[in-house]
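Me: I have a structure to go through with you, and I would like to know what stands behind each label. Shall we take the terms one by one?

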Amino acid sequence: MRVLGVDPGLTRCGIGVVEGVAGRPLTMLGVGVVRTAADADLGHRLVAVEQGIEQWLDEHRPEFVAVERVFAQHNVRTVMGTAQASAVAILCASRRGIPVALHTPSEVKAAVTGSGRADKAQVGAMVTRLLRLAAPPKPADAADALALAICHIWRAPAQNRLQQAAALHAPRTLKAPGSPRTPKTRTPKTPHAPKGHTA
């Protein structure tokens, strides 16, 4: 399984590609950051993020794209930029028919470090260890992108089993909801003449 992880952001959008399967050593295929100038026009920044992600998709041809799920923050401006970059990543993948998975920061931290409250240094250290790297990827956005890809590789088998189980136990409907029932037609009985009488 080859997964491209995206840690969305307008100023720095982390990108990381990891290949492997759950339970076996993973391999990093690439890591980097798509940068845009903070004083540039918003539209131009979004186009730059799109072009950067498209280049990574062209080069690595991932089977899945894992994006960090946007969550509420005190800084509204920061969360808006994160949401906009996240939408660009989802659009780029969906346009190519690549499945997209969203993972919360706590899910990623728990998957990689064992604790949903781990800090960025701990995440970077575990990513370095799991991918057998010489040093933690810099900046932290790049390490977070790799962590997203690792998280998806490890969680995907369990998620697939849950989806399959849900599909098996889903109630089967023979007709679309709201479709009217076809009334049964009864053949009228032919009246018989009373016994002893002739027509």
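Me: Let's start with G23. Why is G23 called exposed?

Reply: Its relative accessible area is 79%, and exposed means over 50%, buried under 20% and partly exposed in between, with a 1.4 Å probe and protein chains only. So G23 counts as exposed. Before we go on: this is a predicted model, where local features need pLDDT of at least 70, side-chain atom pairs count only at pLDDT 80 or more, and totals for chains, interfaces and linings use all residues. Residues are numbered from 1 along each chain as its sequence is written, and side-chain values use heavy atoms, with hydrogens and water left out.

Me: Thanks! And where is G23 found?

Reply: In the loop between β2 (12-19) and β3 (27-35); helices (H or I, at least four residues) and strands (E, at least two) are DSSP runs, numbered from the N terminus. The C-alpha atom of G23 is 7.8 Å from that of W154, although 131 residues separate the two along the chain.

Me: What makes D144 count as buried?

Reply: D144 has 11% relative accessibility, and the limit for buried is under 20%, so D144 qualifies. This residue lies in helix α5 (residues 140-169).

Me: How do you know that the side chains of D144 and K120 make a polar contact?

Reply: They come to 2.5 Å. A polar contact is a pair of N or O atoms within 3.5 Å; within protein, one must be able to donate a hydrogen and the other to accept it, and residues adjacent in sequence count only if both atoms are side-chain atoms. The pair D144 and K120 is listed as such a contact. Leaving aside neighbours within four places in sequence, D144 also touches D7 and V123, where contact means heavy atoms within 4.5 Å.

Me: What makes the buried residues of helix α4 (residues 120-130) line one face?

Reply: The buried ones are V123, G124, V127 and T128. Seen down the axis of α4, they fall within an arc of 135 degrees, so they line one face; the arc is that of the directions from the helix axis to the C-beta atoms. A121 and R129 are exposed on the other side of α4.

Me: Which residue caps the N-terminal end of α4?

Reply: D119 does, with a side-chain oxygen 3.2 Å from the backbone nitrogen of A121.

Me: What makes the largest nonpolar core a core?

Reply: A nonpolar core is a set of buried Ala, Val, Leu, Ile, Met, Phe, Trp, Tyr and Cys residues joined through side-chain atoms within 4.5 Å. The largest one has 18 residues, and L4, V6, I15, I53, L57 and V65 have the most contacts inside it. β1 (2-7), β2, α1 (42-60), β4 (64-68) and α2 (76-95) each supply at least two of its residues. Another core, of 17 residues, lies apart from it, and L26, A118, L148 and C151 are among its members.

Me: How do you know that β4 and β5 pair?

Reply: Two strands pair if DSSP finds at least two bridges between them. β4 and β5 are joined by four bridges and run parallel, so they meet that definition.
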